[in-house]
Amino acid sequence: MYKLKYPAPGAPELALRVKELLMGSGFKRVDEDRERGLDHGAWVPLMLMYPEADIPVCQLSVQSKRDGNYHYNLGKALAPLKGEGVLIMGSGSATHNLRAPRIVDGIVPWALEFDTWLKDALLQGRYEDVNCYQEKAPHAKMAHPCPDHFYPLQVAMGAAGENAKAKLIHHSWQLGSLSYASYQFNSAS
């Protein structure tokens, strides 16, 4: 992956707007990093969506030591950007345990149970359950030993709004335990 390049232009004005919205919503510390390149979680889906890399990109880092509600509230603070022509995308993985044993055929039960729980919770609008997935979901710690690939989902949920409807737009598996379920959120208003 280090050989692949995605030279999308940055979006410094958007970064300032993001900082303004977050600080205005009570987030006390919002750091800017003008040197870091895009994380693979940002450029991999963008490379497929916008292969010419001709759209400006502003990336927001997750805070692994925080919880789902924190990230949901990050998304809520960013919701006004939707009306300003900004695509808010959360990229991670529905299940992400790279230490789990790999299988060629089938899906391991713990991954399927977590993925099914997540799908049901999202499609039924049980966003508070998703925010508290570590307590509510089966096999949460096995599906996500670290939350950094799950928190982007909660940012996207928060940005969509409380009454947004989730829609499953893609679903595939790799190595028997990595779910690439993808959801789109449509605002109710």
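## Aromatic rings, cysteines and a pocket

Phe114, Trp117, Tyr133 and Phe150 form one aromatic cluster. This comes from a predicted model.

Reader: Glad to start there! What makes Phe114 and Phe150 an aromatic pair that is edge-to-face?

Author: Two values decide it. Rings pair if their centres lie within 6.5 Å, and planes over 60 degrees apart count as edge-to-face. For Phe114 and Phe150 the centres are 5.9 Å apart and the planes make an angle of 65°, so the pair is edge-to-face.

Reader: Where do Phe114 and Phe150 lie?

Author: Phe114 belongs to helix α4 (residues 109–123), while Phe150 sits in the loop between α7 (140–143) and α8 (151–160). The pair therefore ties together parts that are 36 residues apart in sequence. Both residues are buried.

Reader: How many aromatic pairs does the structure hold?

Author: There are 6 aromatic pairs. One of them joins Phe27 and Tyr70, with 5.2 Å from centre to centre and 85° between the planes. Since edge-to-face asks for planes over 60 degrees apart, this pair is edge-to-face too.

Reader: Why is it said that the pair of Phe27 and Tyr70 ties parts together?

Author: Phe27 is in the loop between α1 and α2 (40–49) and Tyr70 is in helix α3, so the pair links parts that are 43 residues apart in sequence.

Reader: Are Phe27 and Tyr70 buried or exposed, and how do you know?

Author: Buried means under 20% relative accessible area. Phe27 has 12%, so Phe27 is buried. Tyr70 has 18% relative accessibility, so Tyr70 counts as buried as well.

Reader: Now the cysteines. How many disulfides does the structure hold?

Author: The structure holds 0 disulfides. A disulfide is a covalent bond between the sulfur atoms of two cysteines.

Reader: Why is the sulfur of Cys132 too far for a bond?

Author: The cut-off is a pair of cysteine sulfur atoms within 2.5 Å. The closest cysteine sulfur to that of Cys132 is in Cys146, 19 Å away, so the two are too far apart for a bond.

Reader: What is the volume of the second largest pocket, and which residues are closest to its centre?

Author: The second largest pocket holds about 980 Å³ of space. Of its 32 lining residues, Asp31, Glu32, Asp33, Gln59 and Leu60 are the closest to the centre. Two elements give two or more residues to the lining, α1 (12–24) and α3 (68–78), and α1 supplies the largest share with 6 residues. By class, the lining has 17 nonpolar, 5 polar and 10 charged residues.

Definitions and conventions. Residues are numbered from 1 along each chain as its sequence is written. This is a predicted model: local features need pLDDT of at least 70, side-chain atom pairs count only at pLDDT 80 or more; totals for chains, interfaces and linings use all residues. Side-chain values use heavy atoms; hydrogens and water are left out. On a 1 Å grid over the protein atoms alone, a cavity is a set of points where a 1.4 Å probe fits but cannot get out, and a pocket is an open set with protein on both sides within 12 Å along at least five of seven lines; lining residues have an atom within 4 Å of a point. Grid points are joined across faces, edges and corners, and a volume is the space filled by probe spheres set on the points. Helices (H or I, at least four residues) and strands (E, at least two) are DSSP runs, numbered from the N terminus. Ala, Val, Leu, Ile, Met, Phe, Trp, Tyr, Cys and Pro count as nonpolar, Asp, Glu, Lys and Arg as charged, and the others, Gly among them, as polar. Rings of Phe, Tyr and Trp (its six-membered ring) pair if their centres lie within 6.5 Å; planes under 30 degrees apart count as stacked, over 60 as edge-to-face and the rest as tilted. Buried means under 20% relative accessible area, exposed over 50%, partly exposed in between (1.4 Å probe, protein chains only).
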